[in-house]
Every structure is written in structure tokens, then in C-alpha cells.
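The following exercises are intended for a reader who meets this structure for the first time. Each consists of a task and a solution worked in steps.

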Amino acid sequence: MSHPLRIAIAGLGTVGAGIVRMMATHGTTMAMRAGRPLEITAVSARSRGKDRGVDLSAFAWEDDPVALARRDDVDLVIEVMGGEDGPAKALTEAALAAGKHVVTANKAMLAHHGQALATLAEKNDAMLRYEAAVAGGIPVMKALTEGLAANGITRVMGVLNGTCNYILTQMEEHGYDYESVLSAAQEKGYAEADPSFDVGGIDAAHKLALLAATAFGTRVDFDGVQTEGIEQISLADILMARDLGYRIKLLGVAQMTSEGLEQRMQPCLVPAQSALGGLQSVTNMVVIEGDFVGQTVFQGPGAGEGPTASAILGDVIDIARGLRVPAFGIPADRLTAPNRSADGAAAAYYLRLTLDDTPGALATVAGALAAEGISIDQMRQSEPDENGALVLIVTHETGRAALDRALNVITQSPVSLKAPVALRIENV
Ligand SMILES: NC(=O)c1ccc[n+]([C@@H]2O[C@H](COP(=O)([O-])OP(=O)(O)OC[C@H]3O[C@@H](n4cnc5c(N)ncnc54)[C@H](OP(=O)(O)O)[C@@H]3O)[C@@H](O)[C@H]2O)c1
């Protein structure tokens, strides 16, 4: 066997400790698959004395992650500290500048600095890989950059945040409202104490931006992702969706339209019978459509110690074998700046309106929609109470800009008691 690949690990939390554990379990098999030994030489974290449940005694310790990246006995750095800037970025830059490969799980850092880091990697003949940053244990970046690389990619969709999918499926299964499921999820450790990155769609939008760049050969454009969270989803929406044969998912969609790149991370209605509609609990799913291959579906665990370590070490084995793939599938200087598609493809929408229980309220709504050429497919109205009447509408296909204009008119009118909720019905 040839010389070992010497690895440093920055961050020894859930993922870092999982990597040490997985290498201790499968080191021999991994070395055979890589064609050379894989050897951890040095590690770094904030507190040296912490018990992490793994034996670190054979590895050198560095307090400073940047010093870790510069060590002479390191060929590849695994960055699992997290954080969009700060030490994670400093360490990544130091490693790449020194011509060392970097494998990271840090979607926030890549969504904001992916272009610059990919450029730096290529300049220094180093690899930057991040399978674990997108859909955890599912090897979807590998699918895009290798197995499906001969295709023109037409659309990428994904349920990319397990916390959101858990909340939405629990609401439907048990008939609980959003707030009570969120606090139960926090108690069980499925949701962070500050859940805004998850339920606000930002975590999933980071991942979608990386998928879109790789799928369409565009610069990572996180700011171009239209992002909405699941905070406004009510039990009434979920039950209405179910009655109509749909489920509500926080769905990421990236596609190239005639207007430009459309990137959306929004709660959508998807057919209950579809693969995405059937997805339960914390599981992730990515759907990639290519012009020659058709539709491919990838499903699996999107987070957790084992799945994330699995994705990281898959990347490490690839690098040890000598595989060389640019971070976003094509050289960084060939990635194009995307035009953003403002309106996106036309779609039917589900609307939830809270209206004053007065004669003519429905006529106001119907008039505002008709003025924008939007016709109603289905409508239901609940018994009015002191909070007004809940009116649930499914429209025929329309553009989003026209719908927003109509909703604006409705919101300004005296019959509307609360801001309307509009959810796209996605044709999956
Ligand atoms: N957990 C998952 O399921 C998962 C899934 C996919 C991707 N990721 C990504 O993987 C990364 C790590 O996640 P995690 O869940 O393992 O996080 P974590 O449990 O919070 O661990 C973070 C580790 O980084 C160390 N660290 C933080 N700041 C540091 C600094 N300034 N200098 C040195 N070390 C520092 C911490 O040290 P101490 O232990 O000494 O405090 C800790 O060991 C994040 O980018 C995350 O988004 C995680």
C-alpha cells in the first residue's frame, strides 16, 4: 500500500467525534477501499479536557484551528466546527492556501463563501468537498457531479430540513398545532433552542443554493433563494391539503427557466401519493431530473452523527483514491453569474384568507383575483366565529407576481382581517 493520507479534524462535537468513531470501526476496510491507509494525526476543538466518548490519545492537539491546518503532518483537513465565518473559514482558507484538501459539513460557510473557497482550492491544486453539507448522509453531491454528470439537469427538488419535516408530519398525524409540535421537538432534541434557522427555511436554503450551483453551473447565489419558513402553517392548512390529496412540505426547488435561475425554499403542497408527499419524520429527500436520465430520487437521513460522518469519510476516501472533481462540478472560473427569475414557473396556489363575516367579502376576493386573470378551482369556508371566517381557496395556474398583486388588494381591503397565506401547489 502507498503512503498514508494524514488527516486533521477541526471540531470534535457530534460530527467530529462520529468521524473518530467511524474510523476506529472501519479504518481497515476504508484503507482497502481507498488504496492507502487513512490516518488521523491531529485534532482541535475549544476545550481540550472535555470527554467526547472517543479515544484521542494518539492524536496531536492544537488549540488554534489555523495552526492545525498548517501542520506539516497534515494532508487533508476535516472542518466540522461550523459557523459561516470565523475560525471555520480561517482554517479552510489556511488549509487550501497551503495546498491541503478540505472536507467540510459547513453549508452556511459554503453558501456564503463557496465561490471564493472553490477558486482558492483550484489555485492551490487542492480539493474542497462537502457531501455532508447537503442532505447529510445522502450522497447527492456525488450523484450530481459524477453519476449524473453527463445530463443537462432540468430541475432539482428537495426536502432538506429534517426538523421542518418532523414538525409538519407530526401536525398531520396527531392534529397538533405548530407551536406545540415545535416545543415537543425542542424537548426531544430534534429542534434547536433557537429554531429560526430551521423553521425559517435558512438552513435548507443554504443547501439548495449549493445544489443549484452544481446542477446549473452557476455561482452560488444564496441571496437569490426566495426563502419562506413554515411558521405560518396552521393545522387548517394541513387538513385542507390532506382533503385535497396533498401534503405540505418545506420544499426546495431549483430550475432554469427562460427568465433565469429560479431558486425557492418554501412550504408547498405536493401530491400525497408522490415520493416527496410520502416522506415522513426527519428523513430528507432529493429529486434530481436530467434530460436523458429522467427523474431520480434519493432518500435518507439528513443529519446525525453516523450519517454525517459517513458522508464526510466518503469524500475523504475519494480524495485518498486520487479523485479530482471541482467543488461545484466545473472549474470555479467557468461558473456563470445567474440571472434571477423573479416570477418562476406558473403554478396553482392554495390560499388561506381570514375575512370579516360581512356580505360582499367573498365578492371582493373573487374580484381581486379576477382582475389579475386568476380563476378559482375550489373554495371552502368555515363557520364564522369572533375571529372572522376562514376561507380556503385553490386557484388555477397563475404567475406569482399576479397573485401577489391580487393578495395585496385583498389585504388592503376592509374585509381582510389577517395577512393571507399563499402556498404553491408543486407539480412533482
Ligand atoms: N450535527 C449534524 O447532524 C450535522 C449534519 C450536517 C452538517 N453538520 C454541520 O457540521 C458542523 C459541526 O456540527 P456539530 O453538530 O458536530 O457541531 P457541535 O456538536 O456543536 O460541535 C462543534 C465543534 O467545534 C468546536 N469548535 C467550535 N468553535 C471552535 C473554535 N473557535 N475553535 C476550535 N473548535 C471550535 C467545538 O469545540 P468544543 O467541543 O470544545 O466546544 C465542538 O467540538 C456544522 O457546520 C454543522 O452545520 C452537522
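**Exercise 1. Locate Glu192 and decide whether it is buried or exposed.**

Solution. The model under study is predicted.

Step 1. Glu192 lies in the loop between α7 (178-188) and α8 (196-199).

Step 2. The relative accessible area of Glu192 is 52%. Since the term exposed applies over 50%, Glu192 is classed as exposed.

Step 3. When neighbours within four places in sequence are set aside, Glu192 is in contact with Gln186 and Asp198.

Step 4. An unreviewed UniProt entry lists Glu192 under "binding site"; such annotations may be inferred rather than shown by experiment.

**Exercise 2. Describe how domain 1 and domain 2 meet.**

Solution. 

Step 1. The domain assignment gives domain 1 as 149-300 and domain 2 as 348-425. Their centres, taken over C-alpha atoms, are separated by 24 Å.

Step 2. On the side of domain 1, 17 residues are in contact with 12 residues of domain 2.

Step 3. The size of an interface is often expressed as the accessible area lost when the parts come together. For domain 1 and domain 2, about 1,300 Å² is buried between them, and 61% of it is on carbon and sulfur atoms.

Step 4. The count of salt bridges between domain 1 and domain 2 is 2. As a further item, a salt bridge joins the side chains of Arg380 and Asp243, at 3.2 Å from N to O.

**Exercise 3. Explain why strand β15 is largely enclosed, and name its pairing partners.**

Solution. 

Step 1. Strand β13 (residues 348-355) pairs with β15 in the antiparallel sense over 6 bridges. Within β15, Ala389 is the residue opposite Leu355.

Step 2. Strand β14 (residues 376-381) also runs antiparallel to β15, joined by 5 bridges. Here Gln378 stands opposite Val394 of β15.

**Exercise 4. Determine which strands stand at the edges of the open sheet of 6 strands.**

Solution. 

Step 1. The order of the sheet is β3-β2-β1-β4-β5-β6, and the pairing is parallel.

Step 2. The edges are formed by β3 (60-61) and β6 (128-129); each has a single partner strand, so one side of each lacks a neighbour in the sheet.

Step 3. As an example of the pairing, strand β4 (residues 76-79) and strand β5 (residues 101-104) are parallel over 4 bridges. The bridge partner of Ile78 in β5 is Val103.

Technical notes:
Residues numbered from 1 in each chain as written. Predicted model: local features only at pLDDT ≥ 70, side-chain atom pairs only at ≥ 80, totals over all residues. Heavy atoms only, no water. Buried < 20%, exposed > 50% of the residue type's maximum accessible area, 1.4 Å probe, protein only. Helix = DSSP H or I, 4+ residues; strand = E, 2+ residues; numbered from the N terminus. Pairing = 2+ DSSP bridges. Contact = heavy atoms within 4.5 Å. Domains from an automatic or database assignment. Buried area = accessible area lost by both parts, 1.4 Å probe. Salt bridge = Lys/Arg side-chain N within 4 Å of Asp/Glu carboxyl O.
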